[in-house]
Amino acid sequence: MSQMMDTENTEEDRVSLKSNGKTPTNGGTKESLGVFKTLRRSIRWPAEKSPLTSGGKGSKVTTGNESGSLTPQSPSRSSPVTSPLENIGGLFNKKDKEDSDTTPQKGKGLACSKTDPNMNRFDSILTRGESIRRSMNFGTKKDKACRQQPLVPVSEGPAEEKTEEKAKEEGYTLPEIPHPPLSVMQINKLIESEELQDAHLNLLALRQEFQQERERSGDDSPVELAKKEKDLNLLYRELRKKIKTIVRDSNSLPSGNKELLEPVARIIQEEEKRAEQPGGLQDSWREAWREAVGEGVKVKIGSIEVEQKEKNPSWLAVHLGLLGKTILEDLESVKKDLRWSYPPSFKVFSTYVRSYHSGVGQHLKNLEPQVTEVKDLYALLNWIINGYKSEKIMGGVSLQPEMEEESSDLQLEEDFLNKLKDKYCCKLKEDTRCTLDRVIEQENKTLWKDRETPEKDEGDEGFLHSHFPMDIWTNLKGFIECSAVIDAQLKQKVISSCLQELKDFPKRFEAGFRLHCSALQPQPLWTEYQITYINSFTALQQHMEGYRDTCPAEVEDLKKETNGLIFRLLQGLEVQFKEDVELYLKRMITRKWLTDDEDFKKLSRRTELLSKHCALMRPPHNQDFASRLHYHVVQEYIGQLMKKNFSCKNQKHEGAASKIRKQWEELMVLFENMKSAHEWLYDVGDELRVIIEQKNKKDIKNHLKNLVEHYPDFCKKHLVAVLYFRGVIRGREHQLILQRFTELKKTQGRADEDKRVLFRDMQIPANTDCFSHLPFSCLSSLLPDN
């Protein structure tokens with residue numbers, strides 16, 4: 001029931017405010033207001049004769065209906081002239097105040113009839129005197145307070161009560177416009193002293209006069225009318241300037257000008273109603289208010305301290321923290337207090353939120369040139385994308401539920417965020433390059449400079465290794481994971497940037513390594529260093545394989561570079577081994593070899609050292625490396641057999657076959673320990689040995705099948721060289737062996753010739769024996785028995 005009564009009272013207040021254009025007084029009625037208005041008009045002439053309202057001595061004050069009227073000039077506030085009406089008004093004001101403090105009986109004794117003409121005339125004079133006094137700004141402090149606060153401020157309370165009060169305020173009715181208005185100078189002083197309502201009412205009065213004179217003048221525009229229009233424009237601009245200053249400072253000052261915001265809102269509303277009428281400002285007052293709010297926000301943002309990065313490395317993190325705190329506190333203040341100084345139609349909270357979106361975006365743009373370090377660029381990106389929307393700022397619980405209908409996105413210039421991400425990635429590439437350069441310096445400092453032995457890992461395998469692959473991977477992984485917190489696009493950009501910079505690292509590392517360590521060749525330490533970096537770059541490449549799905553092209557480019565370095569390091573080891581054993585292999589299958597084992601022992605020791613080195617190498621390069629060297633040793637060892645250095649006669653072939661078997665077994669054990677993948681090479685020595693050790697020449701042809709099947713590239717010239725070493729140079733058995741070999745090759749075909757290539761590249765000297773290939777029937781006639 002009480003709610004219904006409140007609603008009815010609200011409607012009644014609204015109707016009463018709109019009925020007469022004035023705020024009703026205590027006990028006053030429409031009839032009484034009409035009587036006083038009639039009486040005031042009845043004594044207008046004496047008031048107009050007053051020197052206080054004239055423009056000067058003997059000047060004439062015309063009414064609004066007279067054409068060509070001049071703007072009435074009011075005296076300055078500092079004028080020493082004292083009006084008798086003012087004294088009368090002051091006397092009765094004082095009397096009224098005293099009467100208000102007395103008992104009802106005493107007041108009743110002083111009452112006069114409203115029908116007394118003398119009293120009516122005197123009351124009119126009193127009213128006019130009070131008006132003059134107010135126009136000269138001689139009112140009391142109480143009067144000024146009433147003028148500055150025409151409405152009772154809304155006290156802080158529950159949201160429902162504030163909403164109801166604001167709904168009432170939307171029904172605000174403009175007070176009576178004074179006539180005639182104050183002078184231009186007086187209105188300007190009212191604006192300067194922030195008596196906004198009085199200034200605006202007088203401006204409206206001046207604007208009405210201008211409109212009336214304009215209507216009377218028609219197309220002709222006298223100079224005085226143009227002057228008045230100019231005065232109006234200047235006064236309005238001053239008023240707007242003052243209003244913008246008040247609005248701008250309303251969220252910066254403690255609470256000094258909060259009470260001025262209500263008249264500011266009313267002025268804006270009234271001017272919007274008169275936007276189409278001449279004499280005012282053409283552009284939007286509401287938009288000017290929004291601009292002032294935005295300027296106030298920029299001032300607030302600009303007041304936040306930015307430390308010098310030389311003095312504080314965490315300057316940006318500190319500044320962004322203060323910025324977020326200021327935003328949250330200011331919006332809390334707007335929600336709690338400031339927005340209740342405006343009618344709901346102003347949408348104050350929403351306006352401040354949008355102003356912060358724009359103001360902070362511009363602030364960050366101005367701040368960006370100072371942000372040059374990776375950590376600061378990351379902090380700025382993270383704050384923009386995550387921090388600004390977080391519960392510490394725009395997502396704060398204290399701003400709910402108002403923020404539910406608002407956007408939380410910063411208003412940034414187009415491509416600003418992308419440019420910031422690109423700048424971050426470029427700086428990240430620079431820092432990554434510096435990090436990789438420090439890796440090379442650290443290797444020189446800890447290993448190369450003092451010729452230190454590389455470390456072995458703590459696992460069971462005991463591979464040689466260096467720490468830098470893990471350091472590089474950990475460092476880049478940190479950047480990548482942090483960027484993923486911001487967004488997936490930045491993560492991909494960071495991976496791409498890091499891999500692009502990492503692509504050039506193998507060549508730069510190799511250059512530094514050779515510069516500082518080339519003098520070590522062919523020392524064992526040089527070999528250990530090479531194996532260490534074969535392992536290290538293998539591990540580095542394996543770490544980066546995890547990003548193939550995200551950046552396949554960059555990962556493939558890095559793989560090519562690391563494989564290139566690993567190949568060159570392996571090739572260096574291979575060349576070194578081949579050079580070391582070249583002399584020993586050349587002395588195999590010779591006349592000295594048959595009686596001296598020294599060269600083979602040296603070959604065996606060097607191969608055994610190679611086996612130990614391969615044990616320090618990580619898969620898969622250890623097996624590939626061992627396989628290539630296994631192939632080289634077999635090819636060179638057997639190749640000596642093809643050179644026809646000497647022929648085993650007088651039963652020497654049995655001793656040669658026994659030595660080949662023993663040495664071959666020793667070499668095969670070494671390469672088997674190295675996990676050589678060329679298992680097909682293990683049989684060639686035994687199959688050739690079997691041919692060499694046959695006591696009867698005729699039995700040789702029965703042992704050719706396995707050799708032909710296992711080694712498709714073994715051809716007739718190779719067989720002739722083996723038979724030469726065995727001592728079967730010519731004769732019937734020689735021809736029968738070759739004939740059998742030809743038959744086996746025909747049945748074999750060419751399908752498997754390219755699978756296992758061993759003999760194809762072996763050099764065989766030209767045959768100088770003109771009888772070696774003659775048919776047996778031709779050679780038999782030359783034998784001694786015939």
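**Helix packing, core and rings**

Mentor: Start with helix α9 (residues 184-192) and helix α11 (residues 223-249), which pack at an angle of about 5 degrees with axes 10 Å apart. Helices here are DSSP runs of H or I with at least four residues, numbered from the N terminus. Axes are lines fitted to C-alpha atoms over the stretch in contact, and angles between N-to-C directions run from 0 to 180 degrees. The angle of about 5 degrees makes α9 roughly parallel to α11, a label for angles under 35 degrees.

This is a predicted model: local features need pLDDT of at least 70, side-chain atom pairs count only at pLDDT 80 or more, and totals for chains, interfaces and linings use all residues. Residues are numbered from 1 along each chain as its sequence is written, and side-chain values use heavy atoms, with hydrogens and water left out.

Now the contact, meaning heavy atoms within 4.5 Å. From α9 come Val-184, Ile-187, Asn-188, Ile-191 and Glu-192; they meet Asp-231, Leu-235, Glu-238, Leu-239 and Lys-242 of α11. By class, five residues are nonpolar, one is polar and four are charged. Here Ala, Val, Leu, Ile, Met, Phe, Trp, Tyr, Cys and Pro count as nonpolar, Asp, Glu, Lys and Arg as charged, and the others, Gly among them, as polar.

Next, the core. A nonpolar core is a set of buried Ala, Val, Leu, Ile, Met, Phe, Trp, Tyr and Cys residues joined through side-chain atoms within 4.5 Å. Buried means under 20% relative accessible area (1.4 Å probe, protein chains only). The largest such core has 178 residues, and Trp-383, Tyr-424 and Phe-505 touch the most other members. Helix α22 (residues 552-586) gives the most, with 11 residues. Leaving out residues up to four places away in sequence, Trp-383 touches several residues, including Leu-320, Ile-327, Val-360 and Tyr-388.

Last, the rings. There are 27 aromatic pairs. Rings of Phe, Tyr and Trp (its six-membered ring) pair if their centres lie within 6.5 Å; planes under 30 degrees apart count as stacked, over 60 as edge-to-face and the rest as tilted. Phe-468 and Phe-509 are tilted, because their planes stand at 35 degrees, with centres 5.1 Å apart. Phe-468 lies in helix α18 (residues 468-486) and Phe-509 in helix α20 (residues 505-517), so the pair ties together parts 41 residues apart in sequence. Both are buried. Phe-714 and Phe-741 are edge-to-face: 5.8 Å centre to centre, 80 degrees between the planes. Both are buried, Phe-714 with a relative accessible area of 1% and Phe-741 with 3%.

Definitions and conventions. Helix = DSSP H or I, 4+ residues; strand = E, 2+ residues; numbered from the N terminus. Parallel < 35°, antiparallel > 145°, perpendicular 65-115°, else oblique. Buried < 20%, exposed > 50% of the residue type's maximum accessible area, 1.4 Å probe, protein only.
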